[in-house]
Amino acid sequence: MASLEMTRRGVTFAPLLLLLLLQLTGLGRTENIDAVEETDRFCYPESARNSRRSCECSNVSASPWGMRALRIDCSYKDYRVAELSQLLPLYIDTLDLSWNALDSAPIFTSDSLHQLNLMHNNISRLVAGNFKQLTSLRELYLGWNSIGQLEATTFEGLPHLQVLDLAHNNLHSLPAKLFAPMLVLGTLDLSWNRRFNETNLDLYSGLGINWKLNALRLDACSLTELHLPEDVPLKELSLRRNLLQRMPRRLPQTLVRLDISDNLLEHLLHEDTSNLTQIRQLYVEDMSLMQSIVANSLTPLELLETLSFQNSRRLTHFDAEAFGHIPRTAVGKKWALRSLSFRGTMLRSFNSSLAPLFSQLTELDLNGLPLQCDCELLWLKQLPVQTNGRCYKPARIRGMLVTSARADAFSCDSWPRWAYGLVVLTLIALSAAGIYLIVMGLRPHRGVTMRRKVGVGSPYARVTIEPNRQENPH
């Protein structure tokens with residue numbers, strides 16, 4: 001009986017289920033038709049239809065469940081804000097409006113857009129709540145514009161934003177707590193805002209940067225000093241091309257990658273790196289004033305994997321104990337360092353005590369160094385890694401790769417250079433003295449007088465000229 005009644009109920013509900021499926025199918029078809037119409041309206045507007053100004057739209061499968069996603073590329077179309085529809089199509093995931101003629105940031109509406117690219121336009125200011133209708137936005141690129149003014153609530157309504165790029169603008173005075181609405185911001189790029197140093201607010205407490213930030217880029221911001229909380233979990237920091245004369249004293253201890261290139265440091269000291277115990281990549285490149293890497297300056301960097309001094313053209317001294325004292329018995333010790341670059345510096349030689357460390361490198365770049373290939377640098381030829389270093393001296397092997405030059409060419413003179421100069425000067429003095437004595441020996445003595453008889457037939461005889469008697473007979 002129970003089974004019979006269940007069968008009757010199934011028969012009763014079957015038409016209802018069928019009707020429900022038909023309705024859902026009809027709704028799906030209607031939604032798809034609407035989505036296609038919205039896509040066509042945005043991608044192929046009336047003013048740009050059948051022309052090169054039409055956008056490129058493509059459907060892809062978005063992760064993680066392979067759901068439908070729409071990517072629209074409207075770059076290089078010379079669009080203006082008035083030509084764009086504020087309501088974005090359904091399922092839109094990415095919108096690229098770079099390299100257009102936008103003079104302000106469009107106010108779009110979408111609950112599915114994840115990435116918006118507005119780079120390389122003429123945007124000069126952002127208004128309050130400019131992006132609050134993009135509730136699902138993850139990445140926002142505003143670089144290479146002329147943005148100089150921001151409202152305090154410009155980034156309101158972006159709780160899911162993870163990447164914000166404001167590089168290459170004119171930012172100089174930012175309102176307090178500007179970045180506070182972005183609760184999960186992971187990457188912030190403020191590079192190439194030349195007057196950013198005029199912002200006196202602290203990045204974290206003043207501007208409201210959340211403590212989940214992983215990467216911060218402040219290149220070319222005219223910074224003379226920088227103070228960051230030591231306990232924030234920042235992983236990457238770029239300070240390239242600023243006016244720093246010393247490494248910032250207060251840096252997060254969690255830093256993994258630091259770029260301090262193209263600043264005004266003259267020497268790398270131990271106190272510059274004492275707080276960078278977790279660093280794995282350090283870039284000290286293009287340092288126009290750096291002259292030396294002193295002893296123990298790199299000792300705290302025990303986890304360092306990549307180190308570059310590339311194009312620091314005044315660097316002439318790398319201390320033998322820059323990594324600390326390395327005993328000759330430390331052949332079996334393991335270092336984390338794998339890549340080391342001195343390309344384009346003025347270093348001429350390296351102490352042989354660095355051999356245990358250099359022999360474990362997978363990359364050692366010595367290209368462009370004026371290497372003094374003598375007996376003290378013979379160990380460099382025996383390294384298992386290709387260095388691309390070339391000999392500058394002695395002249396007989398100039399221009400040859402260190403690995404290609406013969407071992408017997410790496411010789412050291414038994415006498416110091418000053419001794420050769422002294423020998424040459426002595427020989428010159430002795431030669432001058434010998435010539436003087438010879439000349440003085442050939443000269444006649446002062447008491448000797450040269451006498452010679454002058455006869456009648458001598459050309460030196462006295463001649464008397466008398467007048468012609470015929471002309472004067474009287």
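The largest nonpolar core holds 108 residues, and Phe155 and Phe358 touch the most other members. A nonpolar core is a set of buried Ala, Val, Leu, Ile, Met, Phe, Trp, Tyr and Cys residues joined through side-chain atoms within 4.5 Å. Helix H1 (2-43), strand E2 (67-73), strand E3, helix H3 (355-358) and helix H4 (378-381) each supply at least two residues of this core; helices (H or I, at least four residues) and strands (E, at least two) are DSSP runs, numbered from the N terminus.

This is a predicted model, in which local features need pLDDT of at least 70 and side-chain atom pairs count only at pLDDT 80 or more, whereas totals for chains, interfaces and linings use all residues. Residues are numbered from 1 along each chain as its sequence is written, and side-chain values use heavy atoms, with hydrogens and water left out.

Apart from residues up to four places away in sequence, Phe358 touches Leu340, Phe342, Phe350, Leu364, Trp379, Leu380, Leu383 and Val385.

Leu97 occupies the loop between strand E3 (92-96) and strand E4 (115-117). Leu97 has a relative accessible area of 0% and is therefore buried (under 20%; exposed is over 50%, partly exposed in between, with a 1.4 Å probe and protein chains only). Beyond its neighbours within four places in sequence, Leu97 is in contact (heavy atoms within 4.5 Å) with residues including Cys74, Tyr79 and Phe108.

Another loop, between strand E14 (281-283) and strand E15 (292-293), contains Glu285. Glu285 is likewise buried, at a relative accessible area of 13%.
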